[in-house]
Amino acid sequence: MTYQEAVSGQTILTGDRPTGALHLGHLVGSLRSRVKLQETHKQYILVADVQALTDNATDPQKISRNVREVVIDYLAVGIDPSKSTVVLQSAVPELAELTQYFLNLVSVTRLSRNPTVKMEIQQKGFNRSLPAGFLTYPVSQAADILAFKATHVPVGNDQLPMIEQTNEIARRFNQIYDVPLFTEVEAIVPRVGRLPGIDGQSKMSKSLNNSLHLSASANDIRAAVYAMYTDPQHIRVSDPGQIEGNVVFTYLDAFHPDDTLVEDLKVRYQRGGLGDMEVKRILEEVLQETLAPIRARRAEIASQPDSVMDILRRGTAVARKLTASTLDDVKAAMGLIDLKNGTKQWSKR
Ligand code: TRP
């Protein structure tokens, strides 16, 4: 489903790996819909530092440093801590515990078939030495989702295999332990495709050096727009230009509030007579207007580091209550021993 179809009363869980500051791709792909969803839904946002460590074990400081940056980004784009609960994954040990139980419900073969993980293994050069934690991160992600009893998970298309894995675990758990504990979750996928990097590469990513951060300065924005990939065959202003794969138009679609104007620009560009400089000028203006208030909010929030940590502390405390209760149910369903009360029995409350 798309987020327009999401109905209130549902519980949303979503998250990001804090491997870097967030960029325009995050704004289009997830942040904007989260800002809307928090008005109608119970929403938990997980800063997934444990997951980030699965491929950054040798550089934990990078992850810790970015936790704060990511939370500041959330607040700057309009995530409201009185409406959304922001949670630090490493501070919720229940998630790790739940992961441990779930790991027994998944085969290694199944894990190695996850298309997203497969691709990431290639990209990261893990062919020779694959961290076990990396191969199993989809199980930890399933624990994240199920621990919060989420009904909906807004994610990009690359995350659909994680949702599938989550539902397999949910079904298997219910079946093996014969309890209706977990309900299947549904992905909420963005209507717009993934925002390409400024170089026209498929994905905006820090490692490809083709991204524009939410904290970008006015000069960064200008430089990025003027470096943006357009149509290499569009040499003279009078030449007809191509819209397909033209990053400037993709961004205009994503950010310009006036669709009619953008359609008109497209027609003129394709006919010939509209220069790259002119379209880039229009895009730059839109991006400057989009990012200026975010940058200002960012600076304001960053000047109060204690309040950022407070928000995380409070959200995490709420999360621990919820996940502890799920974990209790899990242990009871499995019939594990509770040292206070003897063997735990699942009871449908
Ligand atoms: N894997 C997600 C990503 O790379 C981040 C994430 C961790 C997540 N836990 C989650 C997303 C739970 C949704 C739900 O973007």
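On a 1 Å grid over the protein atoms alone, a cavity is a set of points where a 1.4 Å probe fits but cannot get out, and a pocket is an open set with protein on both sides within 12 Å along at least five of seven lines; lining residues have an atom within 4 Å of a point. Grid points are joined across faces, edges and corners, and a volume is the space filled by probe spheres set on the points.

This is a predicted model, in which local features need pLDDT of at least 70 and side-chain atom pairs count only at pLDDT 80 or more, while totals for chains, interfaces and linings use all residues. Residues are numbered from 1 along each chain as its sequence is written, and side-chain values use heavy atoms, with hydrogens and water left out.

**Cavities and pocket**

Two cavities of 30 Å³ or more are present. The second largest cavity has a volume of about 30 Å³. Its lining consists of Leu-146, Lys-149, Ala-150, Phe-182 and Thr-183.

The largest pocket holds about 1600 Å³ of space. Its lining takes in 49 residues; His-26, Glu-120, Asp-158, Arg-194 and Lys-203 lie nearest the centre. Two or more lining residues come from each of β1, α1 (24–40), α6 (115–123), α8 and β4 (152–154). Here helices (H or I, at least four residues) and strands (E, at least two) are DSSP runs, numbered from the N terminus. α1 gives the most, with five residues. By class, the pocket lining has 15 nonpolar, 22 polar and 12 charged residues. Ala, Val, Leu, Ile, Met, Phe, Trp, Tyr, Cys and Pro count as nonpolar, Asp, Glu, Lys and Arg as charged, and the others, Gly among them, as polar.

**Ligand**

The ligand sits in the largest pocket (more than half of its atoms lie within 2 Å of the grid points). The shell around the ligand (heavy atoms within 4 Å) includes Leu-13, Thr-14, Gly-15, Ala-48 and Asp-144. β1 (11–16) and α8 (137–147) each supply at least two shell residues. The shell has five nonpolar, five polar and two charged residues.

Polar contacts are pairs of N or O atoms within 3.5 Å.

| Side chain | Ligand atom | Distance |
|---|---|---|
| Gln-51 | nitrogen | 2.7 Å |
| Gln-159 | nitrogen | 2.9 Å |
| Arg-17 | oxygen | 3.4 Å |

The protein covers 89% of the 370 Å² of accessible area that the ligand has on its own (Shrake-Rupley method, 1.4 Å probe).

Note on methods
A polar contact is a pair of N or O atoms within 3.5 Å; within protein, one must be able to donate a hydrogen and the other to accept it, and residues adjacent in sequence count only if both atoms are side-chain atoms.
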